[in-house]
2 protein chains.
Amino acid sequence: MVLDPDTAAALSALLGERFSIREADRRLHTGQETHHVSLPPDAVAWPVSTEEVAAIVRICAAAGVPIVPHGLGSSLEANVSAVRGGLSVDMMRMNRLLRVSTDDLDCTVEAGLPREDLNAALRDTGLYFPIDPGPNATIGGMAATRASGTSAVRYGTMRENILNLTVVTPQGEIIRTARRARKSSAGYDLTHLYVGSEGTLGIITEITLRLHGRPEAVIAAVCTFPGPAEASRTAIEAIQIGLNPGRMEYLDAGAIRAVNAYSQMQEAEVDTLFVEIAGTEDEVETRIALFREIAEANGCSGFRQARAEEERTRLWKARHTAFSATVAARPGSRGWPTDVCVPIGSLAECIVHAKGLLADCPVPYAIMGHVGDGNFHVVFALDPNSPEDEAVVSAINAAMVEKALSVDGTCTGEHGVGLGKRKYLEAEHGPALAIMRRIKAALDPQDLFNPGKILPDDHA
Amino acid sequence: MVLDPDTAAALSALLGERFSIREADRRLHTGQETHHVSLPPDAVAWPVSTEEVAAIVRICAAAGVPIVPHGLGSSLEANVSAVRGGLSVDMMRMNRLLRVSTDDLDCTVEAGLPREDLNAALRDTGLYFPIDPGPNATIGGMAATRASGTSAVRYGTMRENILNLTVVTPQGEIIRTARRARKSSAGYDLTHLYVGSEGTLGIITEITLRLHGRPEAVIAAVCTFPGPAEASRTAIEAIQIGLNPGRMEYLDAGAIRAVNAYSQMQEAEVDTLFVEIAGTEDEVETRIALFREIAEANGCSGFRQARAEEERTRLWKARHTAFSATVAARPGSRGWPTDVCVPIGSLAECIVHAKGLLADCPVPYAIMGHVGDGNFHVVFALDPNSPEDEAVVSAINAAMVEKALSVDGTCTGEHGVGLGKRKYLEAEHGPALAIMRRIKAALDPQDLFNPGKILPDDHA
């Protein structure tokens, strides 16, 4: 317990019922149950404004109490585990859509707004926010982990879709990282410094997002391939000729098998690509025909497409249920998704390498990939009480990361570092890690913001 | 002269003929002649490798000698002026294209490679690098100033098109800011921290760039409007419906008048929009027809379009020569381009505001804008020997910046801060400026890298 009674009293005076040291509230703020250490904070605060967050930070900073920002808690690498105790700042009551501009194609939201709620609120504007990590998540959490999902191949990740942030610094100052102009050359790019900083440099309280027009038409397709080489060659050629697909997702045969069992479906149990082409009514027809040509030249069989929304949903059902199906196939298991990302020309090689590692794997798994980004996951269905499972999966994960780094890829494409990927940062960044440490020390000299995350312990 | 004889001797021993203290060489490294103070360095170095840059930096850092990285010297805000003397590190002999991958759609170049040379080298690959600031410029200089140009509306700026950088830090360490994966959540985004840092945090020596497929077909169009409101409304609606134009450029009536005089053309002297639509053969026809509909609904008259390259060039000639024509209209004058960028919905209001400021302006000028980005320039043809001209233009520039900031815009869309825009950073960034200062102090504690740039003098 690093939260002393005086600090607790000050927070309680500031927040009233929106401050809690109850065991039940603390337990709800350890993050997703994963293979990592999920430690509860000493207390939880629910601020309702940026000014209130600043007041909380000033109280904690004066007392040396760690602060861990918290959204929906869906992050996968123990990103919100309170490893040094302190205060969890739960952003879920800051969930307003503050403004929308259809002319500027942007909006400003509070950090605790979940992405699904944002898109529901935007429904009548003709605009939407496309970034879609698997589960629902807050915009603040997505910004903090530099999240992406299935639509990054077309729209980029959180990195490309944030115009500015309001941040409370470790000194309790409120800053805005940039203006609302689409581009600027006015000094250091603070926006991108905080995007992906996982709460270690300050708390993001507001976010201005780029929005995109809902496409007039969408065609979905599913095509099966002999293996990952043919599927990823198809993705590469589609990108090269500028087809600009909305989504391009890969499932291996194992994933389809799990889905068939889970959803009583009869899909062919082979490597499969799920594609969406978006655009005007005319364009999508031309483009999907071009895509089919490319796919068939690369050995695709069983090409199916659909245009009506209901049919598209049915066609993509396997993709949408793959994670749940994989975990459900082993009752009582917990999902552990790996997350490497590599240059797309090396993707097939890395998937084949992973399949080699997985050949004798006793833990059930499936492979799924955002193939247009070079990002793929192996989802393991782990027995949470089996140290053997943990050891096997850890070793495979480490070998996948090593392979990804050997082809100039990264140890995490979209999940973030948290606790889980810290051990790979030295290998990934080398001497650049010293620059990250200098920045952390300069902006958070007391090391109070989400301590123990991202940067590995410094034994130098 | 801050370069002491021992340091000069050490640099000379390292570089031989590629180190110079000759007056003529120093004079060539003051940057573009502008309304700002262009001061020469004490000496110039021409390294040929990243390792040599690191050796140079270590020698200078040990002696406290300032370092100013230098490319083609085309920056506009005295970004390379050696205000505290020291060494200009001229990157022009590091001009190799190091690798290209057509599968990964990327390439790695040395910082001194000019963008036009890069595109010439890429000609046979089907790929190109679209970012095009007005004059030719090195990729390193474009990265350092976060440059853009006419194609940012479709492809983004340097910010969106750099995968990683090799940087020599002020400590003389060589770092790489990221891997070659298209996306990553592995720690702080150092790439974006150095992009736009104008040599104040280190020297960029290599850049990995995203490349883009050359479009199958391009249609260019020119359309005239009653005023900026109608032109920018057309741009907004084209973006909203997802037309994704390749370029959308605005010239005011004055710019067209200057071009007509300069190039013996007979264009209608009214506000004009220059558009390019790129895509597949079929698509461009559909899209230009849609664009025309939107333009005509917004009061466009005189819509002309062209498809063959030669005709497109003729159609766009006014846009390409507008800057030169404006300056040439007043013999002996020098061009001073302002550079604000605002949310696109406020663009017309800001152009109208600028026209108001310009109503009685005795200095010849023209307005040109990257209308899809909300970025526009007033190009003044200044008498370089007239303090009156300078005073008038400075006042108009300041009022334009103030207006841009009032609508949540920025004081510079693409030229950078250099010396010229430092005085606006406090108004633009407020308390965020303190974070920029912390970062500068953490990464360059001796303040040796391009000192006196970006950050205003701290009188706190």
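**Close-up views of a predicted two-chain model**

Four cavities of 30 Å³ or more turn up in this model by the rule used here. A cavity is a set of points, on a 1 Å grid over the protein atoms alone, where a 1.4 Å probe fits but cannot get out; lining residues have an atom within 4 Å of a point. Grid points are joined across faces, edges and corners, and a volume is the space filled by probe spheres set on the points. The model is predicted, so local features need pLDDT of at least 70 and side-chain atom pairs pLDDT 80 or more, while totals for chains, interfaces and linings use all residues. Residues are numbered from 1 along each chain as its sequence is written, chains are lettered from A and ligands numbered from 1 in the order in which they are written, and side-chain values use heavy atoms, with hydrogens and water left out.

**View 1. The largest cavity has a volume of about 260 Å³.** Its lining holds 26 residues, and those nearest the centre are A:Leu163, A:Ala178, A:Ser184, A:Thr191 and B:Arg159. At least two lining residues come from each of β8 (162-168) and α7 (190-194) of chain A and α15 (422-429) of chain B. Helices (H or I, at least four residues) and strands (E, at least two) are DSSP runs, numbered from the N terminus. The biggest share of this lining, 3 residues, comes from α7(A). By class, 8 lining residues are nonpolar, 7 polar and 11 charged. Here Ala, Val, Leu, Ile, Met, Phe, Trp, Tyr, Cys and Pro count as nonpolar, Asp, Glu, Lys and Arg as charged, and the others, Gly among them, as polar.

**View 2. The second largest cavity holds about 190 Å³ of space.** Of its 19 lining residues, A:Arg159, B:Thr177, B:Ala178, B:Ser184 and B:Thr191 are the closest to the centre. Chain A supplies at least two lining residues from α15 (425-429), and chain B at least two from each of β8 (162-168) and α7 (190-194). This lining divides into 7 nonpolar, 6 polar and 6 charged residues.

**View 3. A:Glu77 sits in the loop between β3 (67-70) and β4 (87-90) of chain A.** With a relative accessibility of 3%, A:Glu77 counts as buried. Buried means under 20% relative accessible area (1.4 Å probe, protein chains only), exposed over 50%, and partly exposed in between. Beyond its neighbours within four places in sequence, A:Glu77 has contacts that include A:His35, A:His36, A:His415 and A:Lys421; contact means heavy atoms within 4.5 Å.

**View 4. Helix α9 (residues 253-263) of chain B is largely enclosed by the rest of the structure, because 8 of its 11 residues are buried.** Among the buried residues of α9(B) are B:Ala253, B:Ile256, B:Val259 and B:Ser263. Their cover includes β13 (247-251), β14 (271-279), α12 (317-328) and β18 (365-370) of chain B. Just after α9(B), look for B:Gln264, which takes a positive phi of about 45 degrees.

**View 5. B:Ser88 belongs to strand β4 (residues 87-90) of chain B.** B:Ser88 is buried, with a relative accessible area of 1%. Leaving aside neighbours within four places in sequence, its contacts are B:His29, B:Pro41, B:Ala43, B:Val44, B:Ala45, B:Val68 and B:His70. From B:Ser88 to B:Asp6 the C-alpha to C-alpha distance is 17 Å, and the two are 82 residues apart in sequence.

Conventions: 1 Å grid on protein atoms, 1.4 Å probe; cavity = no way out; pocket = protein on both sides within 12 Å on 5 of 7 lines; lining within 4 Å.
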